[in-house]
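Dear colleague,

I am handing over the structure we spoke of, and below it you will find what came out of a first pass through it. Please have it open beside you while you read.

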Amino acid sequence: MQYNYKYRLDPSEVLTETLHHHLDTCRQLYNHVLHLLNESEDIPARYEVQGRLPDLKSWWDDLNDVHSKVLQMVVKRVYDNLSTLKAQKENGRAVGMLKWKPPREYRSLTYNQSGFKLKNTSGRAVLWLSKIGEIPIHLHRDLPESATIKQVSVKQEPTGEWYATFGIDVDETTPEKPENPKQVVGIDVGLVKYAHDTDGYAIESPDFSDERERLERAQHDLSRKEHGSANREKQRKVVAERHADLKRKRRDFLHKLSTYYATEYDLVAVEDLDAKGLVELPGNSRNRAGAAWGTFLRMLKYKCEHEGTHFVAVDPIDTTKECASCGVKTDKPLWVREHSCPSCGFEVDRDANAAWNILSRGLSELGVGDSESTPVETALPVDTRVSAKRVVEAGSPTLKERTASAASE
């Protein structure tokens, strides 16, 4: 299986200057390749363009300072971006042309297959990069023993910090998924309650209002600084740090929540949401973007694969309207938070009703039949709320306590 492991680097001033030189050279090569493709009537194959790199080195001296694999990955980046534009165009999106990269928008370089080595020098871990040197690295967690490093990407974040991301292959056996899953759960995601599952637990959306307020103040201070001044550059880093802090806390919440569901259940059913399309809808788009549903579902999917848990994404149409007990559809505006079926009288929180429909569809899609308990039997009159703060700070103790108590019973 393939994984990415990210670590912080601690380059010296000399190494930082070298890294910037390599980044700028790669950026200029990116723009050069883009110019060649724009001038060509027929776009040549990527490997044909990569084959021209030795000739470029004969008159472009700076290219000789950069490892050959890094230069090849620059060409690949151009073609990957072109492929992305083509795919978006085929999906009916209005797209333009690739633009030249200014210095601030080109922040990473990639070593593929060769030109790197993880070493231990004088008792300290260092990352050796060809034509750059040894850079101290903070290995806050060990790589798996069976890991094979295939690729290393070095990037400078807007905060000024440097990070290395290892693309590794792990020789491990994926657990077999149970043919008849016993521990099953359906999850409905939202804004008021981030996740509502069929076990009757509602995870509150994390409150990042303080972090957003600090970010907005920093952005306001940045707008008042003179362009090109040292004070503006200093404040720009403050804004970047505020962004990074908000991003870290959000991802921490998503990692802990997705890990819980992937490890505690045999089957997890969710809605197959078009997260990007939802963000583009008018009204409340900021909160929908901040919810990061797409990131949560991607995390949950790969963690389920790693744990041997069934991950089923079902059609989201009418999961809120349909009665989980009898199947009759009932229109309800967003402000109506309770489901009350006029046909069978089943009453429950609207998100709980949606979660049961999601689970039912997931079980049907997997072909394992219905769950052991029906919505009417569980009849959850009051949902157990789990604070998002507790999930972020303590790895969801309430959910773990729930699992422990269920096991003891």
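In this predicted model, an open sheet is built from 7 strands in the order β2-β6-β7-β1-β5-β4-β3, and the pairing is antiparallel. Its edge strands are β2 (108-112) and β3 (116-121), each of which pairs on one side only, and from one strand to the next the twist averages 35 degrees.

Strand β6 in turn pairs with β7 in the antiparallel sense over 9 bridges, with Gln151 standing opposite Gly167 in β7. These two strands, β6 and β7, form a hairpin with 5 residues between them, and Gly160 in that turn has a positive phi of about 100 degrees. Going on across the sheet, strand β7 (residues 162-170) is joined by 8 bridges to strand β1 (residues 2-9), again running antiparallel, and here Arg8 stands opposite Tyr163 in β7.

A separate entry concerns strand β9 (residues 193-197) and strand β10 (residues 201-204), which run antiparallel and are joined by 3 bridges, with Lys193 opposite Glu204 in β10. They form a hairpin with 3 residues between them, and the turn holds Gly200, whose phi is positive at about 85 degrees.

Among the residues that make the contact are Glu211, Arg212, Leu215, Ala218 and Leu222 of α5, and Arg232, Val238, Val239, Asp245, Leu246 and Lys249 of α6. By class, the contact of α5 with α6 has 6 nonpolar, 3 polar and 10 charged residues.

In the other packing, the axes of α6 and helix α9 (residues 293-307) come within 9 Å and cross at roughly 40 degrees, which makes α6 oblique to α9. This crossing, of α6 and α9, is right-handed. The contributors include Leu254, His255, Leu257, Tyr261 and Ala262 of α6, together with Phe296, Met299, Leu300, Tyr302 and Cys304 of α9. Sorted by class, the contact of α6 with α9 has 9 nonpolar, 5 polar and 3 charged residues.

One individual residue remains to be described. Glu322 is found in the loop between β12 (310-314) and β13 (338-340), and a polar contact of 3.4 Å joins its side chain to that of Arg361. What else is Glu322 in contact with, leaving aside its neighbours within four places in sequence? Besides Arg361, the contacts of Glu322 are Gly327, Val328, Lys329, His339, Asn353 and Asn357.

How values were computed:
Residues are numbered from 1 along each chain as its sequence is written. This is a predicted model: local features need pLDDT of at least 70, side-chain atom pairs count only at pLDDT 80 or more; totals for chains, interfaces and linings use all residues. Side-chain values use heavy atoms; hydrogens and water are left out. Two strands pair if DSSP finds at least two bridges between them. Helices (H or I, at least four residues) and strands (E, at least two) are DSSP runs, numbered from the N terminus. Axes are lines fitted to C-alpha atoms, for helices over the stretch in contact, and angles run from 0 to 180 degrees between N-to-C directions. Contact means heavy atoms within 4.5 Å. Ala, Val, Leu, Ile, Met, Phe, Trp, Tyr, Cys and Pro count as nonpolar, Asp, Glu, Lys and Arg as charged, and the others, Gly among them, as polar. A polar contact is a pair of N or O atoms within 3.5 Å; within protein, one must be able to donate a hydrogen and the other to accept it, and residues adjacent in sequence count only if both atoms are side-chain atoms. Angles under 35 degrees count as roughly parallel, over 145 as roughly antiparallel, 65 to 115 as roughly perpendicular and the rest as oblique. A crossing is left-handed if the near helix is turned anticlockwise from the far one by less than a right angle, and right-handed if clockwise.
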